[in-house]
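Follow along with the structure beside you.

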Amino acid sequence: MQPLITLKSMKKRVSWSSVHKQAKTDWQGVAALDSTYFTLHGSTPGGKFWHLNGQKPIRFRPNKSQQLHVYAAISAHGKTALHFASGTTGLKPQYSRITKQGQTVKLVGVGAQEFQELMWEKLVPETRQLFNAAGAGELTFLLDNALAHAAKATKKFLADKGVQVMPNWPSNSPDLNPIENVWGIMKQQVYRQQYTKLEELKAAVLLAWAALPQSTLRNLMAGMHKRVEKVLRLRGGYIGH
């Protein structure tokens, strides 16, 4: 699906791309980090259902939306483990926020605190291990502008911890983020069949993650130069990745 790119966003995409073209950014030193959802409903796209010839289809649908919310990072040197975060069915909310009225409510999705802990305890050390094993140099993370990623508290936390993040990510730019391609590849594979239990879906997601070839990750990161050039050529327009 093509993102809605405003004129303001197009200018920011051009500016961001210009910076990285002029700097000749070494994308082998970058790790793209993001999250996505896999839903049990997603295994029955378009209302189609598997069935044997001559038999009526069994139209299974979960009683309620059941899903997995996963975080990971990819780089030219490999991928981290896949981590399940808040928003995953069955995981009890552990984080809270204070409302304007002073009430404490449980967060349903990933907030800044959980993201910071996930980064520092899991994703940063795992990515650094990949870079160290490859003898790679300095590591920079590519993060989009999700609220938990772009929060002032998160930026300060990562800066204080010495975690380098690529600045000024342009909004509405999933086509610039190589990890979005990885999620697309995985979903094509996972949703080839339907699942009746969340455990089955989880097993399929983990299998698809494990099966991602290293060559695919290298090619995606190496292709960032072409994405940058195409954004400039299209004056900030959607590049179709």
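Entry 1: I began with N168, which lies in the loop between α4 and α5. A reminder before going on: this is a predicted model. Is N168 buried or exposed? I found that N168 is exposed, with a relative accessible area of 67%. I then checked its backbone and saw that the phi of N168 is near 60°, a positive value in a residue other than glycine. I noted this since most residues other than glycine have a negative phi.

**Entry 2: another positive phi.** I went on to K24, in the loop between α1 and β1. K24 has a positive phi of about 50°, and K24 is not a glycine. I looked up its surface too: K24 is exposed, because its relative accessible area of 70% is over the 50% cut-off.

Entry 3: I looked for the largest pocket and found about 260 Å³ of space in it. Which residues are the closest to its centre? Of the 15 residues that line this pocket, the answer is K155, V165, M166, P167 and N168. I also asked which elements give two or more residues to the lining, and these are α3 (147-150) and α4. The largest share, 4 residues, comes from α4.

**Entry 4: a buried loop residue.** I stayed in the loop between α4 (152-160) and α5 and picked N177. N177 is buried, because its relative accessible area of 1% is under the 20% cut-off. What is N177 in contact with, leaving aside its neighbours within four places in sequence? I listed A32, D34, L142, W169 and R227.

Entry 5: I turned to helix α1 (residues 7-23), where S15 is found. S9 is found in helix α1 as well. I compared their surroundings. S9 is buried, with a relative accessible area of 4%, while S15 is partly exposed at 42%. Leaving aside its neighbours within four places in sequence, S9 is in contact with S171 and N172. For S15 I looked up a distance: its C-alpha atom and that of P170 are separated by 8.8 Å, although the two residues are 155 apart along the chain.

**Entry 6: the whole chain.** I stepped back for some totals. I counted 8 helices and 7 strands in the chain. Of its 241 residues, 42% count as buried. Among contacts between residues at least 6 apart in sequence, 73% join residues at least 24 apart.

**Entry 7: the largest core.** I recalled that in soluble globular proteins, nonpolar side chains tend to be buried together. The largest nonpolar core here has 37 residues, and I asked which of them touch the most other members. They are F38, V182, M186, V190, L201 and W209. Two or more residues of this core come from each of β1 (30-39), β2 (67-75), α5 (178-190), α6 (198-210), α7 (214-222) and α8 (224-233). Helix α6 gives the most, with 6 residues. I also noted a second, separate core of 18 residues, which includes Y71, M119, L139 and L158.

Entry 8: At 1.5 Å a residue, the 13 residues of α6 should span 18 Å, and its end C-alpha atoms are 18 Å apart, which agrees. Which residues of α6 are buried? I wrote down L198, L201, A204, V205, A208 and W209.

Definitions and conventions: Residues numbered from 1 in each chain as written. Predicted model: local features only at pLDDT ≥ 70, side-chain atom pairs only at ≥ 80, totals over all residues. Heavy atoms only, no water. Core = buried A, V, L, I, M, F, W, Y, C linked by side-chain atoms within 4.5 Å. Buried < 20%, exposed > 50% of the residue type's maximum accessible area, 1.4 Å probe, protein only. Contact = heavy atoms within 4.5 Å. Expected span 1.5 Å × (residues − 1). 1 Å grid on protein atoms, 1.4 Å probe; cavity = no way out; pocket = protein on both sides within 12 Å on 5 of 7 lines; lining within 4 Å. Points joined across faces, edges and corners; volume = space filled by probe spheres on them.
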